[in-house]
Amino acid sequence: MTLRERMLLRRLRERDERAFRELVAEHRDRVFNLTYRMLGNRAEAEDVAQEVFIQVFKTIDTFREEAKLSTWLYRVTVNTCKNKIKYLARRHDREHDELDEGAEPGPAAAASVPPPSARPDHQLEGAQTQQMLQQAIAELDADHRELVVLRDVEDLSIEEIAAITGLADGTIKSRLHRARLALRKKLQRQLT
């Protein structure tokens, strides 16, 4: 951990609200993008992202400093998403927001949206591709979705994913391979 992270951690443990705001400002976009990719629903993702930061603030004393603060934050995020997915599945209340068609993306969503091109047909094609990809990711089982989002969307290393999930490198690689195969099949069905 860096000196800056240690100082932030100390202030968080002292329940410094400014430290909490710093933590949120520094990580909100990545936490939101991760929750959005895991849940596939903007409203649910916003709620879960808020839950994550509240949970982190309340449980900061349980952080053992064996990994970076950001790694622990992403572990909390992934676990909170998985719990929400289980809850929604039990309640049969799982609905997708079709990537909020017609809605203007907020600043947190901008990181996952391709940059606009000069031609409207290219913009539409990019939006349709994003929608198909998000739908296919949302159809993966939770464990596969988690790995695809962490590796291919968030671009984390296998080592970082191992620290977040607690899985062995070989397990991550084999599950990621199976997840990508399943994702490819889903995308091929959508394209035909």
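Analyst: A residue is buried under 20% relative accessible area, exposed over 50%, and partly exposed in between, using a 1.4 Å probe and protein chains only. The model here is predicted: local features need pLDDT of at least 70, side-chain atom pairs need 80 or more, and totals for chains, interfaces and linings use all residues. Residues are numbered from 1 along each chain as its sequence is written, and side-chain values use heavy atoms, without hydrogens or water.

User: Why does His27 count as buried?

Analyst: Its relative accessibility is 8%. The limit for buried is under 20%, so His27 is buried. This residue lies in helix α2.

User: Which residues does His27 touch?

Analyst: Leaving out residues up to four places away in sequence, His27 touches Phe53, Ser70, Leu73 and Tyr74. Touching, or contact, means heavy atoms within 4.5 Å.

User: What makes a stretch a helix, and how many helices are in the chain?

Analyst: Helices are DSSP runs of H or I with at least four residues; strands are runs of E with at least two; both are numbered from the N terminus. The chain has eight helices and zero strands. From the N terminus on, its elements therefore read α-α-α-α-α-α-α-α.

User: How much of the chain is buried?

Analyst: Of its 192 residues, 38% count as buried. As for contacts between residues at least 6 apart in sequence, 68% join residues at least 24 apart.

User: Why are α2 and α3 called oblique to each other?

Analyst: Start with the angle. The axes of α2 (residues 17-39) and α3 (residues 42-59) cross at roughly 140 degrees and come within 8 Å. Axes are lines fitted to C-alpha atoms, for helices over the stretch in contact, with angles from 0 to 180 degrees between N-to-C directions. Under 35 degrees is roughly parallel, over 145 roughly antiparallel, 65 to 115 roughly perpendicular, and the rest oblique. The pair falls in that rest, so α2 and α3 are oblique.

User: What is the handedness of the crossing of α2 and α3?

Analyst: The crossing is right-handed.

User: What makes up the contact of α2 with α3?

Analyst: Among the α2 residues are Phe20, Leu23, His27 and Tyr36, and they meet α3 residues including Arg42, Val52, Phe53 and Phe57. By class, the contact has 14 nonpolar, two polar and four charged residues. Ala, Val, Leu, Ile, Met, Phe, Trp, Tyr, Cys and Pro are nonpolar, Asp, Glu, Lys and Arg charged, and the others, Gly among them, polar.

User: How do α4 and α6 pack?

Analyst: Helix α4 (residues 69-91) and helix α6 (residues 142-153) pack at about 145 degrees, with axes 11 Å apart. Their crossing is right-handed. Val78, Lys82 and Ile85 of α4 meet Ala142, Asp143, Arg145, Glu146 and Leu150 of α6. Those residues divide into four nonpolar, no polar and four charged.

User: How do you know whether α8 has the span expected for its number of residues?

Analyst: The expected span is 1.5 Å times one less than the number of residues. Helix α8 (residues 169-191) has 23 residues, for which 33 Å is expected. It reaches 32 Å from first C-alpha to last, close to that value. Its buried residues are Ile172, Leu176, Ala179, Leu183 and Lys186.

User: Why is Leu8 called buried?

Analyst: Leu8 is at 3% relative accessibility, so it counts as buried. It lies in helix α1. Beyond its neighbours within four places in sequence, Leu8 contacts Ala19, Glu22, Leu23 and Leu69.

User: What makes Asp16 partly exposed, and which residues does it touch?

Analyst: Its relative accessibility is 24%, so Asp16 is partly exposed. Asp16 touches Arg11 and Phe57, residues up to four places away in sequence not counted. The C-alpha atoms of Asp16 and Phe57 are 9.7 Å apart, though 41 residues separate them along the chain.

Definitions and conventions. A crossing is left-handed if the near helix is turned anticlockwise from the far one by less than a right angle, and right-handed if clockwise.
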